[in-house]
Amino acid sequence: MTTICEIKFDENPHGVYFPGQTLSGSVELRFGEVMKVKGVALQIKGIAEVKWSETEGAGNNRRTVHYRGRQDYMQTTTYLAGSKDESNIDILPGIHTYRFSCALPPNLVTSLEAEYGHIRYTVKVILERSWKTDHSYKVAFTVLRHVNLNEENFDVRLPTKMEKAKTFCCGPCSSDPMLIIAETPISGYVPGQTIAVKIEVDNQSNKKLDELSTKLLRVVSFISQTPYTRVKSLSTIMAEVRCAGVDKRIKGSYVQHLYIPPLPPTSKTCQVLTVNYIVEVEGKISGPAINPKIHIPITLGTIPLTTIAIPTFDNLASMTAPIVVQPMMSAPDAQTPSFPVDLPPPSYEEVVNDNRANIQDEGETNEIGWREYTPRYMVYRFSEEVPSAPAQPALEQTSKSDSKQHGMDKC
């Protein structure tokens, strides 16, 4: 017997919602013959879950520890036909369509699929059968929790500067320092914007800096609850640009640009899974030396501080006051989305660098089937063009006798 199921969301083909909005749609079931069931149940669930294993100890004390954590956000079950407590009913062959509607709780956090856990929202149709295995079909939808940068800590509007000084060898053989300074004009961005990173290098050491790489890292922290609290963090490169380094006794000045692809906003409220972002500047050095790294934390939001695609130190004046936003129609109790009036509404695109998720839970079969899923996140389309390559560095050669020679090196 063949049973086909399809779940559709009303006027929302990609299934992207904000907390507090109403999730509504239809379930279409096609039966090839009479189906005897106790009921047709619709289950809507939202769960944050993490799990991983680690081998600890040594020798005879070596053991594998399984870490797990979970936070439930919502779970509702309604019957589209029949009931759990009633006698069996016969559903005739053909197409049967059922409507559903559910108000999403206002405390939901943004969907995420990661290596050791997920925050996942699903809709599942279950054909409950007496004395037989239930048949089911399952799909996932994306929840986006708003992070309005204009309402965040004022620090997101300010420039951030970090530096790293590194010497080679030690004691009397120690070299003069290699100093790397990295700076961003603000620390609050949205997908679709570009992070301008100013890098200055004063390499007075006896080592050549072969290359500079600038990366946007997504840092996901998985927090277990059993057998005890443990935090496992995973950094993933979401964007990267590179340029030539600086020879010994040379100064260099660079500007590199990181375009922000579709990504979930910064999230710190979930008990078992958090998301943060870092701009990492790394100087790569040949040989046994440890590469110097600078980490600049940034906040990724859904409402930008500015309608400028590439915030720089020269256009900071336009960010002194909040940008004007307008409300989008939604349920009265929703976490009302609002978007800048002078930008086109954002699009919702699949997250980068992620494979499609298998949304089946451990031990779940879903005999009718399930739909592959990749979360979708906001991306703004700004008017300015994103630079295709980093700016060229301006280099200045120096020596201890203060003689100088100027030159350029392509980045």
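Q: In this predicted model, over how many bridges do strand E16 (residues 209–223) and strand E19 (residues 273–284) pair?
A: E16 and E19 run in the antiparallel sense. The pairing of E16 with E19 extends over twelve bridges.

Q: By what angle are neighbouring strands turned against each other, on average, in the open sheet E1-E3-E8?
A: This sheet has three strands, and the pairing is antiparallel. Strand E1 (3–9) and strand E8 (94–103) are its edge strands. With direction ignored, neighbouring strands of this sheet are turned by an average of 20°.

Q: Which residue in E3 is the bridge partner of Lys8?
A: E1 pairs with strand E3 (residues 22–31) over seven bridges, in the antiparallel sense. Within E3, the bridge partner of Lys8 is Ser26.

Q: Why is strand E10 (residues 117–128) described as largely enclosed by the rest of the structure?
A: In a regular strand, side chains alternate between the two faces of the sheet. On one side of E10, Gly117, Ile119, Tyr121, Val123, Val125 and Leu127 are buried, and on the other His118, Arg120, Thr122, Lys124, Ile126 and Glu128 are buried. E10 is largely enclosed because the buried residues number twelve of the twelve.

Q: Which residue of E10 is the bridge partner of Ile44?
A: Strand E5 (residues 39–56) is joined to E10 by twelve bridges, and the two run antiparallel. In E10, Ile44 has as its bridge partner Val123.

Q: How many residues join E9 to E10 in their hairpin?
A: Strand E9 (residues 112–114) pairs with E10 in the antiparallel sense over three bridges. Glu113 stands opposite His118 of E10. The hairpin from E9 to E10 passes through two residues.

Q: Which residue in the turn between E10 and E11 has a positive phi?
A: Seven bridges join E10 to strand E11 (residues 135–143), and the strands run antiparallel. Among the paired residues are Tyr121 and its partner in E11, Phe141. The hairpin has six residues between the strands, and the one with a positive phi, about 60°, is Trp131.

Q: Which element gives the largest share of the lining of the largest pocket?
A: The largest pocket holds about 430 Å³ of space. Elements that give two or more residues to its lining are E5, E9 and E10. The largest share is five residues, and it comes from E5.

Q: How many charged residues are in the lining of the largest pocket?
A: The lining has 22 residues, with Glu113, Gly117, His118, Arg120 and Asn358 nearest the centre of the pocket. By class, five are nonpolar and six are polar. The charged residues number eleven.

Terms used:
Residues numbered from 1 in each chain as written. Predicted model: local features only at pLDDT ≥ 70, side-chain atom pairs only at ≥ 80, totals over all residues. Heavy atoms only, no water. Pairing = 2+ DSSP bridges. Helix = DSSP H or I, 4+ residues; strand = E, 2+ residues; numbered from the N terminus. Axes fitted to C-alpha atoms, helices over the stretch in contact; angles between N-to-C directions. Buried < 20%, exposed > 50% of the residue type's maximum accessible area, 1.4 Å probe, protein only. 1 Å grid on protein atoms, 1.4 Å probe; cavity = no way out; pocket = protein on both sides within 12 Å on 5 of 7 lines; lining within 4 Å. Points joined across faces, edges and corners; volume = space filled by probe spheres on them. Nonpolar A, V, L, I, M, F, W, Y, C, P; charged D, E, K, R; others polar.
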